[in-house]
Amino acid sequence: MKIINDIATMRQELKAVRNCKKIVFVPTMGNLHDGHLSLVKMADECGDYVVMSIFVNPLQFGPNEDFSTYPRTLENDLKKLQLLDVDIVFTPSTQEMYVDKENASQVTVPIISNELCGFFRPGFFTGIATVVTKLFNIVQPHTAIFGEKDFQQVHIIRQLVRDLDFDIEIKTAPIVRDGDGLAMSSRNQYLTADERAIAPGLYQCLQIAAHEIMSGQKNFAQLEERAKNNLHKMFRPDYLTIRNRRNLQPPSQFDKELIILGAAWLGKARLIDNVSVDL
Ligand code: AMP
């Protein structure tokens, strides 16, 4: 497993590989847990050369967000990756990725980037689209893998790939959860013991709404309201919404593929989760 932190060496290493091996790329911000590792396992299965990036991207954090405190555990992350089949871990510095961050070009996927998480975190998805574009250009993988936990992110990246003609296949991996249902996340560490005990409540609220839809409830506005009230008892919700899973728009009565998405604060942690519903 090679650890590379500059773009020139990445290009050098990957030039020859690209012609004879299928490169699969897994971008992350590190502090690896089983959710991240499931993406690596999927990468191993669908390709023969695995590249992971570990980069805490300053561009996707708002001025009052947790960029400076985001858990950085590179040594431990590398130990976990040694046990898997990873060929390159790309660990660039901020300076390597953004020579002049304030004046750098940025990539924005319009409209959807300002909705849901983007409404509550202005600039977040532009930060993500920009860093993913840069990483795609550096690695030029055949396939890239993202987690369904960040469902809106995957939706935006698929549009980015389509709009900008990246010749990259996007694959997704299911959400990995702790035993009590809480979706694994680096930010779960911000929870106190008491908060951790109630954190699975977000998934439970989404599941209750999913069951109501599956048992025939079609008044989505009413259902959202009830679910939000439930969530409000334990969390400070940003949103809880039912959408068409294909386009992330509010669903019609006839839509069969739905998704319930939620984001809520618990103490210092902002948790997100989603549950799919197939009718
Ligand atoms: P992050 O390091 O949080 O930016 O996440 C890197 C990648 O891991 C993204 O594609 C995430 O969607 C994915 N990921 C994070 N948490 C999970 C999880 N619990 N299950 C599956 N994938 C995840």
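The legends below walk through several close-up views of this predicted model.

Residues are numbered from 1 along each chain as its sequence is written, and side-chain values use heavy atoms, leaving out hydrogens and water. Because the model is predicted, local features need pLDDT of at least 70 and side-chain atom pairs count only at pLDDT 80 or more, while totals for chains, interfaces and linings use all residues.

**View 1**
The shell around the ligand holds 17 residues, and Met29, Gly147, Asp150, Val176 and Met184 come nearest (a residue is near a molecule or strand if one of its heavy atoms lies within 4 Å of it). A polar backbone atom of Met29 is 2.9 Å from an oxygen atom of the ligand. Gly147 places a backbone N or O atom 2.9 Å from an oxygen atom of the ligand. For Val176, a backbone N or O atom lies 2.9 Å from a nitrogen atom of the ligand. The protein buries 92% of the 480 Å² that the ligand exposes when taken alone (accessible areas come from the Shrake-Rupley method with a 1.4 Å probe; for residues, only the protein chains shown count as cover). Strand E2 (23-28), helix H2 (34-46) and strand E5 each give two or more residues to the shell (helices, H or I with at least four residues, and strands, E with at least two, are DSSP runs numbered from the N terminus). H2 provides the largest share, three residues.

**View 2. Strand E5 and its two partners.**
Which residues cover the two faces of E5? On one side sit Thr143, Ile145 and Gly147, on the other Ala144 and Phe146, and all are buried (buried means under 20% relative accessible area, exposed over 50%, partly exposed in between, with a 1.4 Å probe and protein chains only). Five of the five residues of E5 are buried, so the strand is largely enclosed by the rest of the structure. E5 runs parallel to E2, joined by two bridges (two strands pair if DSSP finds at least two bridges between them). Phe25 has Ala144 in E5 as its bridge partner. E5 is also parallel to strand E6 (residues 169-173), through five bridges.

**View 3. An open sheet of three strands.**
The strands follow the order E7-E8-E9 in an open sheet with antiparallel pairing. Strands E7 (236-244) and E9 (269-278) stand at the edges with a single partner strand each, so one side of each is left without a neighbour in the sheet. On average, neighbouring strands are turned by 10° against each other, direction ignored (axes are lines fitted to C-alpha atoms, for helices over the stretch in contact, and angles run from 0 to 180 degrees between N-to-C directions). Eight bridges link E7 to strand E8 (residues 257-266), and Ile242 stands opposite Ile260 in E8. Helix H9 (residues 201-214) lies across E7, E8 and E9, at about 20° to E9.

**View 4. Two residues with positive phi.**
Neither of these residues is a glycine: phi is near 45° for Gln140 and about 60° for Leu248. Gln140 belongs to the loop between helix H6 (124-139) and strand E5 (143-147), whereas Leu248 belongs to the loop between E7 and E8. Is each one buried or exposed? Gln140 counts as partly exposed at 39% relative accessibility, while Leu248 is buried at 0%.

**View 5. Ser113 in its loop.**
Ser113 lies between helix H4 (94-97) and helix H5 (117-120) and is buried, with a relative accessible area of 6%. A polar atom of the Ser113 side chain lies 2.5 Å from the backbone oxygen of Val109. Leaving aside residues up to four places away in sequence, Ser113 touches Gly118, Phe125 and Ile156 (contact means heavy atoms within 4.5 Å).

**View 6. Ser186 and its surroundings.**
Ser186 sits in the loop between E6 and helix H8 (193-198), and is buried at 4% relative accessible area. Its side chain reaches the backbone oxygen of Asn31 at 3.4 Å. Beyond residues up to four places away in sequence, Ser186 touches Gly30, Asn31, His33, His36, Tyr70 and Pro71.

Terms used:
Polar contact = N/O pair within 3.5 Å; in protein donor to acceptor, adjacent residues only side chain to side chain.
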